[in-house]
Each structure stands twice: as structure tokens, then as C-alpha cells.
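Here's a quick briefing to read with the model open in your viewer.

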Amino acid sequence: MDDTPFGGGAGMVLRVDVMEAALRGRYGIDPVELRARRRVIAMTPGGRLLDEQLAGELSREPELTILCGRYEGFDERILDHFAGEQISIGRYVLSGGELAAMVLCDAVLRKLPGALGDEQSAVQESFSAALEGNPEYPHYTRPADHRGWSVPEVLLSGHHARIESWRREQSRGRGESEGSC
Ligand SMILES: C[S@@+](CC[C@H](N)C(=O)[O-])C[C@H]1O[C@@H](n2cnc3c(N)ncnc32)[C@H](O)[C@@H]1O
């Protein structure tokens, strides 16, 4: 399914004819046509960075097809003619696209109705519109004190408006110092 790169160099490259046979075998149509009918995504380190907005967009698609590379990656013609887009899960290089595809699936699937025990969990969480795109506020549970590390008093107050406002403030603060929490 892969071969040495034209022009020389290290690694093995996923063949375009083999990818075509795999896609035809699975969908029964020309992969060029497939790309026009559904989102066909190639996982690549240099692709569009996966974020909550993209995960939300993909969660509204009826179906997705995800292509994963290994070794040196894809023959460029796969990216040019079969994949409609490239997605990266971060600016680092994994050995293969399988884990990247699973990360993408998880981020997308948890947005589907019924995936979470409490639908509200996905409404107000890091990067959501409800939190103005900021990281989530801190959470605490019992015990209220552990080794002198106490829970912020406001959370024990039962005062919903104050709690809500404290959470907003914390979330905004984290947004301003992004990457430091
Ligand atoms: C070793 S990588 C190939 C790296 C490629 N030669 C390059 O320099 O960009 C093998 C495969 O892993 C997947 N992969 C690796 N890192 C990834 C990332 N950060 N996001 C998405 N996919 C990734 C891709 O499918 C890629 O074709």
C-alpha cells in the first residue's frame, strides 16, 4: 500500500491507486465523486488546526470519511483529488493518523445528542459561546477543605448569581492568560 518517494529520500508514501481502491471498495463510487458528496478529511500535521468551532461544524455533518497516513504520509494526489480538506490535531508529528482521527472523532461525537449524560456539560465548557470562547472556570467538590486547601467561599454560599459571576470572572481571567493554567 505504500512505496518509496520519487526523487529519493527517507520513508514510504501511501499510494494513490491503493487509496482509490480502498475508497471504491468501501463506497462503490469514484473517490473524486465521493469528495463532492461528503466531507473527506485527511489527517495531516500541517492541516487546519482542530478546535471547538471545527468540531462543532463537523458534528453537524451526517457522515464523515477520515483518511490516515503512516510513515512519510500521503501521495500528494490523494490530498489533491480525494480529500476535501486536511485537519491537524496540533503542530507536532505522530507516527500515524489513527490517534489523530480518534481525537477528532471524540471531539465531534461528544457534541452529538445523547452522547453525554448531561447535555448541559457541552453547553458551558471551555471555548464555548456561553463562556465567550474562554477556557472553563475551576471546579471543586468534597471535601471543602483538604490539607488547608479550601474551596473558594463563594461556591459554598448557595448564592447563584454570585457564583455565576465568579465563574465568568475566572473564565475571562483564564482567557486573558491563556496557556498558563
Ligand atoms: C509521520 S506522519 C507524516 C509526517 C509528514 N511526513 C510531515 O512531515 O508532515 C504520518 C501520518 O500521521 C498523521 N499525523 C501525524 N501527526 C499528525 C497531526 N499532528 N495531526 C494529524 N495527523 C497527524 C498523518 O496522517 C500523517 O500522514
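This is a predicted model: local features need pLDDT of at least 70, side-chain atom pairs count only at pLDDT 80 or more; totals for chains, interfaces and linings use all residues.

Start with Arg39, which sits in strand 3 (residues 39-49), then move on to the cores, the largest of which has 14 residues.

**Arg39 and its partners**

- Arg39 has a relative accessibility of 17%, and because the cut-off for buried is under 20%, this arginine counts as buried.
- Which side chains does the side chain of Arg39 make polar contacts with? One is the side chain of Glu57, at 2.8 Å, and another is the side chain of Glu61, at 3.5 Å.
- Leaving out residues up to four places away in sequence, Arg39 touches Arg48, Leu54, Glu57, Leu58, Glu61, Glu63, Leu64, Thr65 and Glu85.

- Glu85 belongs to strand 6.
- Is Glu85 buried or exposed? Its relative accessible area is 18%, so with a limit of under 20% Glu85 is buried.
- Besides Arg39, Glu85 touches Val40, Ile41 and Ala42, again not counting residues up to four places away in sequence.

**The nonpolar cores**

- In the largest nonpolar core, with its 14 residues, the members that touch the most other members are Met19, Leu23, Leu67, Phe74, Ile78 and Phe82.
- Helix 1 (16-27), strand 3 and helix 4 (76-81) each put at least two residues into this core, and helix 1 gives the largest share, three residues.
- Take Met19: not counting residues up to four places away in sequence, Met19 is in touch with Leu14, Leu67, Phe74, Ile78 and Phe82.
- Apart from this core there's another one, made of 11 residues, including Met43, Leu54, Ala100 and Ala101.

**Helix 3**

- The buried residues of helix 3 (residues 52-59) are Leu54, Ala55, Gly56, Leu58 and Ser59.
- What do they pack against? Their partners are strand 3, strand 4 (64-67), strand 6 (85-88) and helix 5.

**A nonpolar patch on the surface**

- Tyr92, Leu94, Leu99 and Met102 make up a nonpolar patch on the surface, and together they have about 420 Å² of accessible area.
- Met102, one of the four, lies in helix 5 (residues 97-109).
- Its relative accessible area is 56%, and since exposed means over 50%, Met102 is exposed.

Key. Residues are numbered from 1 along each chain as its sequence is written. Side-chain values use heavy atoms; hydrogens and water are left out. Buried means under 20% relative accessible area, exposed over 50%, partly exposed in between (1.4 Å probe, protein chains only). A polar contact is a pair of N or O atoms within 3.5 Å; within protein, one must be able to donate a hydrogen and the other to accept it, and residues adjacent in sequence count only if both atoms are side-chain atoms. Contact means heavy atoms within 4.5 Å. A nonpolar core is a set of buried Ala, Val, Leu, Ile, Met, Phe, Trp, Tyr and Cys residues joined through side-chain atoms within 4.5 Å. Patches are made of residues with over 30% relative accessible area and no salt bridge: like charges are joined within 9 Å, nonpolar side chains (Val, Leu, Ile, Met, Phe, Trp, Tyr) within 5 Å. Accessible areas come from the Shrake-Rupley method with a 1.4 Å probe; for residues, only the protein chains shown count as cover. A salt bridge is a side-chain nitrogen of Lys or Arg within 4 Å of a carboxyl oxygen of Asp or Glu.
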